[in-house]
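Please keep the 3D view open as you read.

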Amino acid sequence: MPVTALVSAKSSGVTTSALALALASGRPTTLAECDPSGGTIRSGFLQNEVSAGFGLYHLAKAERVGPDALANAFASHLWPLDDAGHRQLLPGLTDPAQAAALSRTWPSLAHIMRVLATQASQDVFIDAGRLALDAGRLHPTLTPAPLLHQADLVLLVVRGTDQSLTLARHLLKPLTAELSEHGSGSDALGLLLIESGPYRAHQVAESLKLPVMAALPFDPESATYLTQGGPQPRGYKRSQLLRHARTATQQLEAVAARRQVQRQYAPEPASTQLAGVLERLNHKRKGVPHG
Ligand SMILES: Nc1ncnc2c1ncn2[C@@H]1O[C@H](COP(=O)(O)OP(=O)(O)OP(=O)(O)O)[C@@H](O)[C@H]1O
Ligand SMILES: [Mg+2]
């Protein structure tokens with residue numbers, strides 16, 4: 001199953017969408033709240049039922065002990081999101097100042113998430129928060145870049161409004177560069193459209209020159225419940241948001257599977273081809289007498 005990371009330029013609905021996708025998925029699911037500016041699910045949807053002694057921050061210490069300690073800590077810091085325990089949450093940071101401690105933990109966490117997806121066949125969703133830039137690149141400590149590198153899909157969450165598209169546009173170049181240079185390729189990048197505002201999916205795709213890999217309806221009642229918690233609205237389980245989120249998980253799986261097949265049959269990356277050509281040229285040159 002895919003590892004899908006969700007990011008935004010600014011408060012577009014990353015956390016709500018990640019939660020909706022995790023709750024709607026028909027498969028065992030892990031949602032990791034890795035927004036360096038702090039998590040909101042603990043105090044929102046979970047109504048502070050999880051203490052600060054639990055969650056992402058505590059994995060940094062375990063990582064320093066070693067991979068086994070990290071894997072154990074990861075498993076013991078997951079919080080069930082449903083009674084059966086099929087959907088689990090790694091609660092996020094309680095203080096943005098904790099983010100610096102995580103910077104060397106991200107690569108190992110990315111590895112664990114890949115293992116969950118490939119060996120435990122879980123749907124893995126990562127709330128990677130708003131992306132901070134530094135000199136045109138992803139910020140090394142304020143962005144969990146290694147999680148994006150290792151994700152099968154990176155969804156830039158946008159709304160169909162001028163404001164949202166204008167801000168998102170600034171992230172396209174840095175994200176594309178990051179995923180081509182350090183990730184599995186720039187085609188991992190796509191859009192998750194929250195259907196609010198005047199622009200439809202094809203216009204948003206055309207405007208940002210990226211495919212809309214999934215769309216979620218504007219559904220304030222269900223979204224508010226996922227954001228703030230409290231009493232469950234009537235008909236929530238059959239709500240527009242959850243029904244579309246379920247379809248979205250299936251679409252994302254299909255996109256990720258297609259990518260994987262394409263990558264299996266893809267020509268070797270340019271740098272490898274170039275290295276091969278250079279090797280052959282050098283070899284020939286050795287055989288050709290000078291002068
Ligand atoms: N599909 C939706 N329909 C209606 N409202 C939504 C939807 N998704 C999110 N919202 C609302 O938009 C606001 C921002 O959502 P959310 O907190 O998920 O965004 P975010 O991108 O995680 O923001 P931040 O960057 O601040 O963490 C919330 O009030 C939420 O209820
Ligand atoms: Mg958020």
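**Around the ligand**

Two helices, α1 (14-24) and α9 (220-228), each contribute at least two residues to the shell around ligand 1. Keep in mind as you look that this is a predicted model. Of the two, start with α9: the largest share of the shell, 4 residues, comes from this helix.

Now look at individual residues. There are 18 around ligand 1, and those that come nearest are Ser-11, Thr-15, Thr-16, Arg-130 and Thr-227. Arg-130 places a polar side-chain atom 2.8 Å from an oxygen atom of the ligand, and Thr-227 likewise has a polar side-chain atom 2.8 Å from a ligand oxygen. At Ser-12 the backbone takes part: one of its N or O atoms lies 3.0 Å from an oxygen atom of ligand 1. On its own, ligand 1 has 630 Å² of accessible area, and the protein covers 80% of that. The space that the ligand takes is the largest pocket.

From here, turn to the aromatic rings. The whole structure holds 3 aromatic pairs. One of them joins Phe-45 and Tyr-225 in an edge-to-face arrangement, with 5.5 Å from centre to centre and 75° between the planes. Where do these two residues sit? Phe-45 lies in the loop between β2 (29-33) and α2 (57-65), while Tyr-225 lies in helix α9, so their pairing ties together parts that are 180 residues apart in sequence. That brings us back to α9, the helix that supplies 4 residues of the shell around ligand 1.

Notes:
Residues numbered from 1 in each chain as written. Chains lettered and ligands numbered in written order. Predicted model: local features only at pLDDT ≥ 70, side-chain atom pairs only at ≥ 80, totals over all residues. Heavy atoms only, no water. Near = heavy atom within 4 Å. Polar contact = N/O pair within 3.5 Å; in protein donor to acceptor, adjacent residues only side chain to side chain. Areas by Shrake-Rupley, 256 points an atom, 1.4 Å probe, with all protein chains shown as cover. 1 Å grid on protein atoms, 1.4 Å probe; cavity = no way out; pocket = protein on both sides within 12 Å on 5 of 7 lines; lining within 4 Å. Sits in = over half its atoms within 2 Å of the grid points. Phe/Tyr/Trp six-rings, centres within 6.5 Å; stacked < 30°, edge-to-face > 60°.
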